[in-house]
Amino acid sequence: MTPDEPSGLDGNAAAGVLAAAFATDMTTARAVCGSCDSTFVLAEVAVYLGPATVCRCRRCGAVLAVLLERQGLVCTDLRGLRDLDVSG
Amino acid sequence: MAGTALRRRLTWQPATVVDLVDETTSVRSIGLEVDDWPGHDAGQHLDVRLTAPDGYQAQRSYSIASPPGSRRVVLTVQVVPDGEVSPYLARSLAVGDRIEVRGPIGGYFVWTPAMTAPLQLVAGGSGIVPLAAMLRQHAATGTRSPVRMLYSARSLADVIYRDELTALAAREDVDVRLALTRAAPPGWTGYGRRVDGPMVEEAVWPATQAPRVYVCGPTSFVETVADLLVDTGHDPGAIRTERFGSSGGTP
């Protein structure tokens, strides 16, 4: 499951919805891809904006997280992230 | 302080358009008055939310162009063809209009004057915007850390903030170099090609100076520059990247 075309955006563009979900800045948070084991800060992930914000691993393309914001609530699916470390 | 701002609950608030400046044929700066703006750091973002009459909402994140401490929050927006938000912001918005914003946002692509390492800014196209906030704050605070900027644009007409950059480049502690990738005017003495290895060696602080490096532009530009920097010995941990572009195609 890989994106059809490369994303023009990275995790910096998802900083708002991430901050809304976690109540803190998440762009400096470190995490590990559950599919390929690469390590990164969330600012570096590939981001796709649509009805939801989709974060994919820049190396293997796996879906790391899906965030859907509606009426002040954020539905957050961190299906592909491992070892999310907010302490930066 | 941004540290305080980030711990605030992130809420949407109204902003009034107070100023519009056409920077190029496809780029416009939008000056906003935001009540109770908590302040921001150079490089941070603002989320903009637009609501259609039928209730449909679209939101996007934009880099803040104004330096910390400025009275207005200025966004500089490039029209993305077929974009959902940018054509409205850059073409249709009028002084006096109200939009919804939230911010400041982001702690990764941020520079503060407390960072005393030599500062290296590398911009591709509208990637100049957050780097301009850094350069403006650098100029305003008179920090002793020297700064170099390498800015790649298609042509001179596509150079955003051209007059201001020319003025800043006259300062002793500021070095601004332009690379024009498609068309250069007669007698052009800057670079007339895409950023490459020799250009990085010449225009960027060498790795031995341990600069703090910010790279912002389209994805391919950012990846190319980051690779060139690492190839020339720069510490990957000292390179901060931000990718600009379309909303990302099919997710």
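Let me start with one side chain, that of Q13(B), which reaches the backbone oxygen of D35(B) at 2.6 Å. This is a predicted model, in which local features need pLDDT of at least 70 and side-chain atom pairs count only at pLDDT 80 or more, while totals for chains, interfaces and linings use all residues. Residues are numbered from 1 along each chain as its sequence is written, chains are lettered from A in the order in which they are written, and side-chain values use heavy atoms, with hydrogens and water left out.

Q13(B) lies in strand 1 of chain B, residues 13-24, where strands are DSSP runs of E with at least two residues and helices are runs of H or I with at least four, numbered from the N terminus. Is Q13(B) buried or exposed? Q13(B) counts as buried because its relative accessibility is 12%, and buried means under 20% relative accessible area with a 1.4 Å probe, protein chains only.

If we set aside residues up to four places away in sequence, M149(B) touches, among others, L121(B), I128(B), L131(B), L135(B) and L165(B), contact here meaning heavy atoms within 4.5 Å.

Let us turn to the interface. On one side 32 residues of chain A are in contact with 29 residues of chain B, and the two chains bury about 2,100 Å² between them, 48% of it on carbon and sulfur atoms; buried area is the accessible area, with a 1.4 Å probe, that two parts lose on being put together, summed over both. In chain A, the residues that lose the most area to chain B are G8(A), N12(A) and L49(A), together 22% of what that side buries.

How many salt bridges does the rule find across this interface? With a side-chain nitrogen of Lys or Arg required within 4 Å of a carboxyl oxygen of Asp or Glu, the rule finds three. R58(A) and E223(B) meet through their side chains in a salt bridge, at 3.5 Å from N to O.

Definitions and conventions: Buried means under 20% relative accessible area, exposed over 50%, partly exposed in between (1.4 Å probe, protein chains only). A polar contact is a pair of N or O atoms within 3.5 Å; within protein, one must be able to donate a hydrogen and the other to accept it, and residues adjacent in sequence count only if both atoms are side-chain atoms.
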